[in-house]
Amino acid sequence: MQQGQTLYQLDDALYRADVASNQASLNRSLATLEAARLNAQRSTALFQHNAVSRQDHETAQSALKEAQADVQLARAALERSRIMLGYTRIVAPVTGKIGKSSVTQGALVNANQSAALARIQQLDPIHIDLNQSSSELLQLRKALLQGSLSDTRAIPVTVMLEDGTTYPHTGQLIFSESSVDPETGRYALRIAVPNPDHMLLPGSYIRAVISYGERQQAILAPQQSILRDAKGTASAQVVKPDGTIEQRTVLTNRTIGDQWLIDEGLKAGDRVVVEGLQKLRPGVVVHAAEATTAND
């Protein structure tokens, strides 16, 4: 279904008659205007030679202005009738896929009915509506103001399909709500995604990975290397250059995959213990071996 394609045609006999009637009224007004213009011109020439009274001259000029106003009214009435006639032809407002029609030929419809005649859904590009926590937004804005993150909202959005695979086309964030829903504490986002193969359909369950900021020289630590005490304080066991264990208090930000993003407490090059943490104590000498990961 293409934008502008005719979907329904309403009975337009009365509206076509109104257009014809208003066109005739306009033609009559134009003829009256022409006669009033000629009469005003003659009156002006005669008045300059004192051949007509001032009252007759002013009457002729007033008649001209009245005829001009009548033409404007007739034009407006004609335009309105043409607009009403245009409403009898219902066209597709957007290009997309149309569903089943709720009416058949000969059915009675009206301008204020609650039931739609049909539903057209734009599929390329398709819009994805998401929600994000307002607390995450606040944390992000603080990080951007402090300079620890650089804004990267222009980076394309990755879309994950319902089966966990990555959609081949990337999207773009085009809208974020300016207010937070007081009931859920979340705000709305909208993403536009190319959908030339119509793989994405309205109502589908998908996930989107949006990058709001980029942290340079970020420190990530495996989740199993971070321990918490009874007060919730996070710490990591670090192997010093001399082979002894040092316990470091760390400040975690959030999880990224199976790792913690570390704000404070660790630096690049630190070796953290990921196994046997319960057996270690600060100051103990160990012989550390590099752990392997699934990516190694």
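This is a predicted model: local features need pLDDT of at least 70, side-chain atom pairs count only at pLDDT 80 or more; totals for chains, interfaces and linings use all residues.
Which residue in the turn of the E15 and E16 hairpin has a positive phi? Residues are numbered from 1 along each chain as its sequence is written, and side-chain values use heavy atoms, with hydrogens and water left out.

**View 1. The hairpin of E15 and E16.** Gly257 in the turn has a positive phi of about 65 degrees, and two residues lie between the strands. E15 pairs with strand E16 (residues 259-264) in the antiparallel sense over four bridges, where two strands pair if DSSP finds at least two bridges between them. Thr255 stands opposite Trp260 in E16.

**View 2. The hairpin of E14 and E15.** Strand E14 (residues 234-239) and strand E15 (residues 245-256) are joined in antiparallel pairing by six bridges; strands are DSSP runs (E, at least two residues), numbered from the N terminus. Val239 has Ile245 of E15 as its bridge partner. Five residues lie between the strands, and Gly243 takes a positive phi near 90 degrees.

**View 3. The open sheet E5-E9-E8.** Three strands with antiparallel pairing make up this open sheet, in the order E5-E9-E8. Strand E5 (126-133) and strand E8 (172-176) are the edge strands, each pairing on one side only. Between E8 and strand E9 (residues 186-193) the antiparallel pairing runs over four bridges, and Ser176 stands opposite Leu189 in E9.
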